[in-house]
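User: I would like a close look at one part of this structure, and then at what surrounds that part. Please keep the wording plain.

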Amino acid sequence: MAINLAHKLIESHLATGKLKAGEPIELIIDQTLAQDATGTMVMLEFEALGIPQVKTQISAQYVDHNLIQADYKNADDHLFLRSACRKYGIWYSRPGNGVSHPVHMSCFGIPGKTLLGSDSHTCAAGSMGMLAMGAGGLQVALAMAGRPFSITMPQVVGVELTGALPPWVSAKDIILEMLRRYNVKGGINKIFEYYGPGLKKLTAMDRHVIANMGQEMGATASVFPADDAVRLFLKQQQREEDFVEFHADPGANYDQHETIDLSTLEPMIACPSSPGKVVPVHEVAGKPVYQSYIGSSANPGLRDFVIPAKMVAGRMLSEGVSLDINPTSRQLLEDLSTNGALNELLQAGARLHQTGCNGCIGMGQAPASGRISLRTVPRNFPGRSGTEEDAVYLCSPETATASALCGKITDPREMDMEYPSWREPDQLADMRPTLLAPQDIPVKVKLEKGPNIKPLPQFKALENKIVGPVLLKAGDNVSTDEILPAGVEILPLRSNIPEISHYAFSRIDKQFYQRAKALNGNCFVVGGENYGQGSSREHAAIAPRYLGVCCVIAISMARIHRRNLINFGIVPLLFKRIEDYQSIVQDKVLRIENLAQQLHRSSTVTAHLEDGSGELEVQHNMSSEEVATVIAGGLINQVRNKI
């Protein structure tokens, strides 16, 4: 029988379960990655497991988020991460090396392997024939310890690409077209597998753009075949020996099917404040622009910077527009310097920032209030830029650059120039010497824990009777950026749960922390559809649990956040009826009796309204393993109990 690529990748790493959509499976993980904003927690969790060395083929720790050293916190965390890497046998990428995803792809990506990362955009490595997925840090720590990764078997959507992209249309427009079709939750529990003749002119880094933002549809993963484009990429990285051809069988079947004729696409743009609000650029053209931003894990390739450089060569930016250049790796910055593109950008008036995530995660580069920022980043959730009332649009490098030159949102097809030509170089600068390799022989290392590194909170097992108020009622598509924001003030506190919990739900309810501390007991949070979309940050589960949130009831939940809730002992429940979500009000007190027995016995859970107004029937979709985890009070407790 003809087998698709996703099934081949899963089957070759299947530890338990069957390839039946909706069923629980466990996967053997070959590689892991962490970044510094999540990695501190990963290392504390790995330490808690008491295992002396990682058991994966490759584990890597990147420093790319917390780069602003306004005080000691970020610098101390980096020393802790470096010491943990030496202690546990992990590759360490120091500050300035660049964003985890393109650096990992350049240095360690191998077709046919599995990759699990404590960053939701880990899925970008699917661009080179890997099964790459984001997860909460605790599951990554367990994968580092050699435990399989638990997940629901996804459906596989085959996306056939035909034709060729016209001038001024690039890979970003392909994934924006997919977001226009699927919005931010249409990919939940799905893998998108791209194939067809349209792939022939898409480089490995073009595919990275598409795979990276598959996460914005809620997808489990995106996969591309390992073909000549991937071989060329590995040759550029001086790693051609790592190439393995990997593709679907001819005539492979899919659970769903999509077709995109690339020749019909036009420049697209996602309007504020959701990656799913996609329209053609010409529909919003003419609006004045304050900032254009080139870079991020979503557009990290050399061509994503060289094309803008060719567009601005011999020209000056429009007065009042900031063109922010964010090189995604040390490799890319070196290549831009040697090929002359960096000079062309600087001479046009562009601003050069350090290699890393930077403004994408709200670490600097916040736009002026009430002004438009065009960005090639993957997300534009409300306030994520660092400006509370922001207006961030997501677009291609071509659209961002054309708009910077014209001072207003501009369809790049309207530019008075021919589309710049581009040819991939035969070789790129070698990144690997800048990474610190693990020792061949384990060394005795003391973890360097500065004052910002606090122990993991210890959570109790699930109580059999839960009584508490609905402390917060939220709407649809609440992101983890809103549950636990990032930014210059908050992100450095990722290793300090007591301090970072002050900011839990602060973008929805600035008084949530005070109300939770005053309650000093159990409470519920209610959400609408797609609750917890976006980042993999497990702090969006740990901080609410620390404040007493014992249960979240929503219409639907994003994959990674749902599992993070379970990992830290928060019960994820779902409304059976939309009317129940609509009728429930904040501060309503709920009581659930015999909760553990109810979870074991049935998918239905009955909650009582303490004012005597009746009962609320909700449901759960947890596997038996997930039920056992949440009853134990979280995954750490469960693992300790087994040990």
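Which residues of helix 21 (residues 635–642) are buried?

Analyst: This is a predicted model. In helix 21, the buried residues are Leu635, Ile636, Asn637, Gln638 and Val639. These buried residues pack against four helices: helix 2, helix 5 (137–144), helix 17 (559–567) and helix 20 (624–631).

One of these partners, helix 2, leads on to a sheet. The sheet is open and is built from 6 strands in the order 7-6-3-4-5-20, with mixed pairing. Strand 7 (131–134) and strand 20 (435–436) are at the edges; each has a single partner strand, so one side of each has no neighbour in the sheet. Helix 2 (residues 36–49) packs on this sheet, where it touches strand 3 (31–35) and strand 4 (58–62), and its direction makes about 115° with that of strand 3.

Strand 6 (residues 114–117) pairs with strand 7 in the parallel sense, over 4 bridges. Within this pairing, Thr114 has Leu131 of strand 7 as its bridge partner.

The largest cavity has a volume of about 200 Å³. Its lining consists of 24 residues, and His65, Asp119, His121, Ile361 and Arg384 lie nearest the centre of this cavity. Helix 2 comes up again here: helix 2 and helix 4 (100–107) are the elements that give two or more residues to the lining of the largest cavity.

Leu332 is found in helix 10 (residues 330–339). The relative accessible area of Leu332 is 4%, which is under the 20% limit, so Leu332 counts as buried. Leaving aside neighbours within four places in sequence, Leu332 is in contact with Pro300, Gly301, Leu302, Phe305 and Pro327.

Key:
Residues numbered from 1 in each chain as written. Predicted model: local features only at pLDDT ≥ 70, side-chain atom pairs only at ≥ 80, totals over all residues. Heavy atoms only, no water. Pairing = 2+ DSSP bridges. Contact = heavy atoms within 4.5 Å. Axes fitted to C-alpha atoms, helices over the stretch in contact; angles between N-to-C directions. Buried < 20%, exposed > 50% of the residue type's maximum accessible area, 1.4 Å probe, protein only. 1 Å grid on protein atoms, 1.4 Å probe; cavity = no way out; pocket = protein on both sides within 12 Å on 5 of 7 lines; lining within 4 Å. Points joined across faces, edges and corners; volume = space filled by probe spheres on them.
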